[in-house]
Amino acid sequence: TVGVLLFKNIFGIAPEALGLFSFKNEPNLYQSAALKKHATKVVSTVGTAVAGLANVSALVPVLQSLGARHVKYGVLPEHYDVVGQALMKTLEMGLGDALTPRGKLAWTHVYGIVSSTMIGDNYPKLPQAENPAHQPVIDSWAQVEKLGLETVGVLLFKNIFGIAPE
């Protein structure tokens, strides 16, 4: 059920992604045995990755191998963003209020690490394009520099020690 919902969300976000899968021409797609089998395998792999968080050094080579296999299927780095969005949407739909803001943040963080590990060295490194979403960070950093790095550094540590005096 979770796997089928995940794929509904993937194809809802990026309908063109369906073309990457062998079950793309199945009638009654979401009842298709081929999609269900693949969806179950994907969700099972997510479960294995979650269990592997207890031993990250053993998990990394598994993720790297899985990423290399996905290159052969035509998966591109940008596809990982679609899957990440679909995963979060699926978790939100399935868990409702049980998925707390802290839980969302943790899932987002872990998925970022998993996807970047899978992408790894499987693709040529392209220069980072300017992202307009980064502009507020750039602008606010200019303000930080005007305040003085030492001043802001002292404030940072005052806040750290205020939150966690130990």
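Here are some notes on the model above, point by point.

1. Ground rules first. This is a predicted model, where local features need pLDDT of at least 70, side-chain atom pairs count only at pLDDT 80 or more, and totals for chains, interfaces and linings use all residues. Residues are numbered from 1 along each chain as its sequence is written, and side-chain values use heavy atoms, with hydrogens and water left out.

2. On overall shape, the chain has a radius of gyration of 20 Å, while a compact globule of 166 residues would be near 15 Å. That radius is taken over C-alpha atoms, and the globule rule is 2.2 Å times the number of residues to the power 0.38. Along the principal axes, the C-alpha atoms fill a box of roughly 65 × 35 × 30 Å.

3. Now for the inside. Buried residues account for 25% of the 166 in the chain (buried is under 20% relative accessible area, exposed is over 50%, and partly exposed lies in between, with a 1.4 Å probe and protein chains only). The largest nonpolar core has 30 residues, and Phe 7, Ile 10, Phe 11, Phe 23 and Leu 35 have the most contacts inside it. Two or more residues each come from α1 (2–13), α2 (33–52), α3 (56–72), α4 (77–95) and α5 (101–119), with α4 giving the most, 6 residues. A nonpolar core here is a set of buried Ala, Val, Leu, Ile, Met, Phe, Trp, Tyr and Cys residues joined through side-chain atoms within 4.5 Å.

4. Take a look at Ile 10. Leaving aside residues up to four places away in sequence, Ile 10 touches Ala 17, Val 82, Val 83 and Ala 86 (a contact means heavy atoms within 4.5 Å).

5. Most residues other than glycine have a negative phi. Asn 28 is exposed, with a relative accessible area of 59%.

6. Last, Lys 158. It lies in helix α7 (residues 149–163) and is exposed, at 57% relative accessible area. Lys 158 and Gly 94 are 64 residues apart in sequence and 40 Å apart in space, C-alpha to C-alpha.

Key
Helices (H or I, at least four residues) and strands (E, at least two) are DSSP runs, numbered from the N terminus.
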